[in-house]
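Here is a walk through one protein chain, a few spots at a time. Keep the structure open next to the text and click along.

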Amino acid sequence: WESNEQFLHPGTGYFWNPAENDLQLWQHIVAPEEYGGDTGAGSETIYTRNLNAALGLRGQLGADWNYDLYYNRSQANTVDSYRHFIKSAVDNYYLGPQMGTYYGYPVYTPDKNKLYTPLTPAVFNSLTARINNPSVAWNQNVNFTVTNPTLFHLPAGDAGVAATVQLGGDSLHNSIPALISSGDALGLTGSEAAGHRSNVGVGAELRIPVISTLTADVSGRYDNYSFAGTDAGKFTYKLGLEYRPIDTLLLRGNYATAFRAPDLVNVFGSNGFFSSGTDYYQCRLAGFGPGTYQNCNDYSDQFFGTNGSSKNLNDVTAKTLTYGAVYSPVDKLTFTVDYQRVEIKNEVTQLSTDQLLQDEADCLLGQTVGGATIDPNSPSCKLYESLVTRNAPDAKTNPNGLLTVTTYPINASSESENGLIAQANYLLDMNKYGTLGFNVNYYIEFQHLFQQFPGDPVINVYHDARFTDWKSTVNSSVTWNVGHWSTTLYQQRYGSIPNAGQTGTLAPWILYNGSIKYSFDSGAAIQVTANNLRNSKPPVDRTASTFPYYNTYNYNPYGRVVWVEFAYRFGASKE
């Protein structure tokens, strides 16, 4: 493990060294032996407490109606605790007392020998402090459902109905630790969010046997969410048909609409980040343009960014069309295949920093790359320029250089995708040796299109370097049940994605999970589960320029995880 820390100061991080008559920026790379290794002073711990509670009642209302009333709550309290460099302590140790300012830059006369002297764990502890980052999120709801399988009679059979009412809410709270918010945690940023949302929903579903081989399914639901002084409500519906021409074959299809209120983090949260991008303003001033930006000195400038939030987000809406078949040629063997098309409108996404820097350059220069005139005093230009901050034009280093970029969530114009979902299941009966169950699932996307604003070009995700979606995934499992024992081995395969340098693709990532469970006659059960049995690491991207040298949006750093679970079902029979 390495920590690459810069001694940051207001502005660019440079300081004036009068002894050498020079603006300087110092850096020290901390080796494991300087802080005590992975289990030493620099170790990080994450404590999580999870609560899941449910309470319900079931019964009958009259002769034909059944009801189900239940309450459930889930909550997670997490504390991320780690040691980090403290700016004031580091400055005092390496640079000594500040001797004033020079053109706005702090002045120090440090002893450079300290920079090249390895730290000891004791010194490391004196330059760092433990930062505790707590967060809590919970969700709760009450559901009341009634069903009647014989609402009315038809020649082909009975029509059934189900209706539900749901009341609930969710909340989250995550604050930035004082050392980070004050700026004393060296080069570190954080995230914060605090908000609550309540919801109510009512819905019903009707299943109608049209003829002996054809069944229709009609459902509708209305949901309303209240948050930040606004109400978001929408009616959605689903129409489905099932046709069974022969006993072993089922043809099915459905059309459905959906809606989703914005996530709480997009309404109430914000977080900082460090990134890099092309400074189109500086590059265009220097005579560069599309096709030559890569030759510009400001092609990849670093900056500090902030992802903000917005209380003016619209609901996300979607339409789904699915059709396919289920085939069972022999008993306990089933094949399914479905084609699915999804169209999403008003999807919430962060305003692209790259697009923002392009728009800001247009406004500062008064014209687009193509030569179209832009009004620099327009409301849009004032917004773009307010979201980008730069060094002063007369700054001693990097004049007009990028400092910060602020983005916020927006409703993207549209996104659509279509693909094929296939599944196979087989159960092998081995008599006294139990049963073996086999399952394979496969998904492949044929097309994935994205458009951020109306009028923008439609982007083919698989032909654009900014997207790294897996085109295909495969998972399979085998489960052996014998007596009181149950054992499962599960495999997940993620397909290839482009590497960071866009010079090729990375190898697929394959993970294996497993579990062993023993069920007692009393209704109790004990289970041992292991995720990532082979302790497989994400494929290394040798074209990536920064740690951890893989795409953190696609891969996670978790290695092998093993846990034991004990469960007891009250009132369970021996069967």
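Is R341 buried, partly exposed or exposed? R341 is partly exposed, because its relative accessible area is 27%. One thing to keep in mind from here on: this is a predicted model.

## R341 and its surroundings

R341 sits in strand β18, which covers residues 333-350. Its side chain has a polar partner in the side chain of E343, at 3.3 Å. Setting aside neighbours within four places in sequence, R341 is in contact with K319, T320, L321, S416, E417 and N418.

For a sense of scale, take G291: 50 residues separate it from R341 in sequence, and the two C-alpha atoms are 35 Å apart in space.

## H448, a buried histidine

Now hop over to H448 in strand β22 (residues 435-451). H448 counts as buried because its relative accessibility is 3%, and the cut-off for buried is under 20%.

Which side chains make polar contacts with the side chain of H448? One is the side chain of E415, at 2.4 Å. Another is the side chain of E445, at 3.5 Å. Not counting residues up to four places away in sequence, H448 touches E415, S416, E417, I459, N460, V461, Y462 and D469. S416 and E417 also turn up on the contact list of R341.

## Helix α2 and its buried face

Helix α2 takes in residues 87-95, and K87, V90, D91, Y94 and L95 are buried in it. Looking down the axis of α2, these buried residues fall within an arc of 100 degrees, so they line one face of the helix. The general rule behind this kind of pattern is that an α-helix has 3.6 residues a turn, so residues three or four places apart point the same way.

What do the buried residues of α2 pack against? Their partners are the strands β2 (15-17), β4 (27-30) and β6 (65-85), along with the helices α3 (112-115) and α4 (121-127).

## Strand β11 and its partners

Strand β11 (residues 191-211) runs antiparallel to β10 (residues 157-174), and 15 bridges join the two. If you want a pair to click on, L167 has V200 in β11 as its bridge partner.

β11 also pairs with β12 (residues 214-227), again in the antiparallel sense, over 13 bridges. Here R207 is bridged to D217 in β12, and the hairpin that joins β11 to β12 goes through 2 residues. Then there is β15 (residues 270-277), antiparallel to β11 and joined to it by 2 bridges; S191 has its bridge partner N271 there.

## Nonpolar cores

The largest nonpolar core has 16 residues, and L356 and L357 have the most contacts inside it. The elements giving two or more residues to this core are α7 (280-285), α8 (353-365) and β20 (402-407). Beyond its neighbours within four places in sequence, L356 is in contact with L351, Y384, L387, V388, V405 and T406.

Another core, of 14 residues, lies apart from that one, and Y94, L115, F124 and L186 are among its members. Y94 is also one of the buried residues of α2.

## Aromatic pairs

How many aromatic pairs are there? The count comes to 19. Take W509 and Y555: their ring centres are 5.2 Å apart and their planes stand at 80 degrees, so the pair is edge-to-face. W509 lies in strand β26 (residues 509-519) and Y555 in the loop between β27 (524-531) and β28 (561-568), so the pair ties together parts that are 46 residues apart in sequence.

W509 and Y555 are both buried. They belong to one aromatic cluster that also takes in W470, Y494 and Y550.

## Two asparagines with positive phi

Most residues other than glycine have a negative phi, which makes the next two worth a click. N400 has a positive phi of about 65 degrees and lies in the loop between β19 (388-390) and β20. With a relative accessibility of 21%, N400 counts as partly exposed.

N535 has a positive phi too, near 55 degrees. Its place is in the loop between β27 and β28, and at 34% relative accessibility N535 counts as partly exposed.

Definitions and conventions: Residues are numbered from 1 along each chain as its sequence is written. This is a predicted model: local features need pLDDT of at least 70, side-chain atom pairs count only at pLDDT 80 or more; totals for chains, interfaces and linings use all residues. Side-chain values use heavy atoms; hydrogens and water are left out. Helices (H or I, at least four residues) and strands (E, at least two) are DSSP runs, numbered from the N terminus. Buried means under 20% relative accessible area, exposed over 50%, partly exposed in between (1.4 Å probe, protein chains only). A polar contact is a pair of N or O atoms within 3.5 Å; within protein, one must be able to donate a hydrogen and the other to accept it, and residues adjacent in sequence count only if both atoms are side-chain atoms. Contact means heavy atoms within 4.5 Å. The arc is that of the directions from the helix axis to the C-beta atoms. Two strands pair if DSSP finds at least two bridges between them. A nonpolar core is a set of buried Ala, Val, Leu, Ile, Met, Phe, Trp, Tyr and Cys residues joined through side-chain atoms within 4.5 Å. Rings of Phe, Tyr and Trp (its six-membered ring) pair if their centres lie within 6.5 Å; planes under 30 degrees apart count as stacked, over 60 as edge-to-face and the rest as tilted.
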